[in-house]
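User: I would like to learn how to read side-chain features in a model. Can we go through them one by one?

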Amino acid sequence: MSEGAVKKEERRKFQAIKGTRDLLPPETALWNRVEQAAHEVFATFGFGEIRVPIFEPTELFARSIGLDTDVVAKEMFTFMDPPDALELNQRTIEWIVQNVPPQKVSDNLTTYGLGEAQFEALVEMANRWEESERVSLRPEATASVCRAYIESGMQQLPQPVKLYYMGPMFRRERPQKGRYRQFYQIGAEVLGGSDAPAIDAEVIEMVMTFFDRLELQGVQLDINSIGCRECRPKYVELLRAELLKVKDKLGPDSQRRIETNPLRVLDSKLESEQGIIATLPRIADHLCEACTTHYAAVKHQLEMRGVFFRENWRLVRGLDYYMRTTFEITAQGLGSQNAVCGGGRYDGLVELLGGPPTKGIGFAIGEDRLILSLQESGKSPAQQGRDVYIAWMGERAHATAIRAAKDLRKAGFSVELPPVEQKFGKALGQADKLGAKHALILGDNEVSEGLWTLKTLADGSQAKYTEPDLLDHLRKIL
Ligand code: HAM
């Protein structure tokens, strides 16, 4: 590297990777408040917290979410483990694996123009690559929760098992407002037991209670039933047949989906396709009897709980594991990415992952979007202030200030203790900038008299207190 290049490299300013961002104070106070509310509300519904790994075998997501979904086909962050399997270009390795039977390694060296040691190193790499595993950063957590249910033998526990989680998820999407490559979800899953419609309704009631508690504005719940293994394939075929008749009028994405997943055409936001979609057959008219009954009961159960909903026959969701009840919740202030929560029933997913036949239903809230919506409606906390700023001058006062800070913090007050001596005027200015409510002034006089001056910054008033009186006074007013 030339000297110039080194210098340039040294000067490089690092930036957060596209689609990721830092969450900073005071905004993080709102994140904490939201998460705290989730812990509290979900606990009142009997849910316990589960923490699952950030990465899992790629196969887990591929099998659960579906190979043809956008999430699995395009959006996962995937790598090989162990990583040195990637030291060689993957295609070279594939080529060697396919073209050179291991027993031929030593005869064929000249053909491939490689020295013996080099060739053996290649084959060794090839073997490692074959044994290595593809792992992905989790794009969602339902698959992981199901894996954990099976792995920990949770079917032995009283059913259903009610779990919730929160944390970062990763999808390589095109970043925009409300859409990130690292985003955060708060989700819940109910696994095992029956598929009683009251379970569907209670899960939805829980998320609505949570949004209510946060005073989220413009909340709109859409629900649908997408049928089961019996009735959905017949509807999908009917839909495919109808779509083929109008194929020429559809855009390229929808044309492709006629083959891969006709249901997703119903998701289309393309203006030119809306008229056509309105004329397509609706799943509600093609559900089997059991699904029709289940859907009607879910709606009744929601009404009994006072949960308002809108039926939306086009709500199909983008992941393959769903059946019967699906739902989505939108909120205000989010523009085009306005789905703040999505969920649904996924009976059969645990079985698909090698577990016993198990019912399942759940949801995930997009926490980034939830926060955005709360901020848009003016719910963000102001700069986190301090209760007390300690303005001290002199060595003796410093020692007293350190002790005072310790006592005040122990009593639960938030305290700023400047690390170096400042003139009182400057200290008070600093206290103001930090939004402190009070300044505790400690100089030589205060220390020798044992009377400390407390200044209220809002009105400039001040009074003297002994140390115990000061604590009592602050406890009363803060
Ligand atoms: P999902 O609809 O893919 O469902 O995601 C749920 C929510 O996560 C979305 O409604 C949205 O608020 C948020 N979200 C998704 N992608 C992004 C992104 N790139 N940036 C910001 N927010 C995003 C699931 O993930 C299912 N696992 C939900 C579920 C749980 N179904 C049953 N149980």
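User: Where is L214 found?

Analyst: First, the ground rules. This is a predicted model, where local features need pLDDT of at least 70, side-chain atom pairs count only at pLDDT 80 or more, and totals for chains, interfaces and linings use all residues. Residues are numbered from 1 along each chain as its sequence is written, and side-chain values use heavy atoms, with hydrogens and water left out. Helices (H or I, at least four residues) and strands (E, at least two) are DSSP runs, numbered from the N terminus. L214 lies in the loop between α9 (197-213) and β7 (220-225).

User: Is L214 buried or exposed?

Analyst: Buried means under 20% relative accessible area, exposed over 50%, partly exposed in between (1.4 Å probe, protein chains only). L214 has 11%, so it is buried.

User: What is L214 in contact with, beyond its neighbours within four places in sequence?

Analyst: Contact means heavy atoms within 4.5 Å. For L214 the partners are V34, A37, L370, L374 and K379. K379 is 165 residues from L214 along the chain, with 9.0 Å between their C-alpha atoms.

User: How many aromatic pairs does the structure hold?

Analyst: Rings of Phe, Tyr and Trp (its six-membered ring) pair if their centres lie within 6.5 Å; planes under 30 degrees apart count as stacked, over 60 as edge-to-face and the rest as tilted. The structure holds 8 such pairs. Take F55 and F79: centres 6.1 Å apart, planes at 55 degrees, so this pair is tilted. F55 sits in strand β2 (residues 55-57) and F79 in strand β3 (residues 78-81), 24 residues apart. F55 is partly exposed at 45% relative accessibility, and F79 is partly exposed at 36%. Elsewhere, ring pairs join F42, Y164, F210, F211 and F363 into a cluster.

User: Which ring does the charged end of R21 sit over?

Analyst: A charge sits over a ring if NZ of Lys or CZ of Arg is within 6 Å of the ring centre and within 35 degrees of the ring normal. R21 has its charged end over Y180, 4.0 Å from the ring centre. K299 lies over the face of Y295, at 4.1 Å from the ring centre.

User: Which residues of α10 are buried?

Analyst: They are R232, Y235, V236, L239, R240 and L243. The arc is taken from the directions from the helix axis to the C-beta atoms. Down the axis of α10, the buried residues fall within an arc of 140 degrees, so they line one face. The face turned away from that buried side carries exposed K234 and K245. Cover for the buried residues of α10 includes α11 (252-260) and β9 (323-330).
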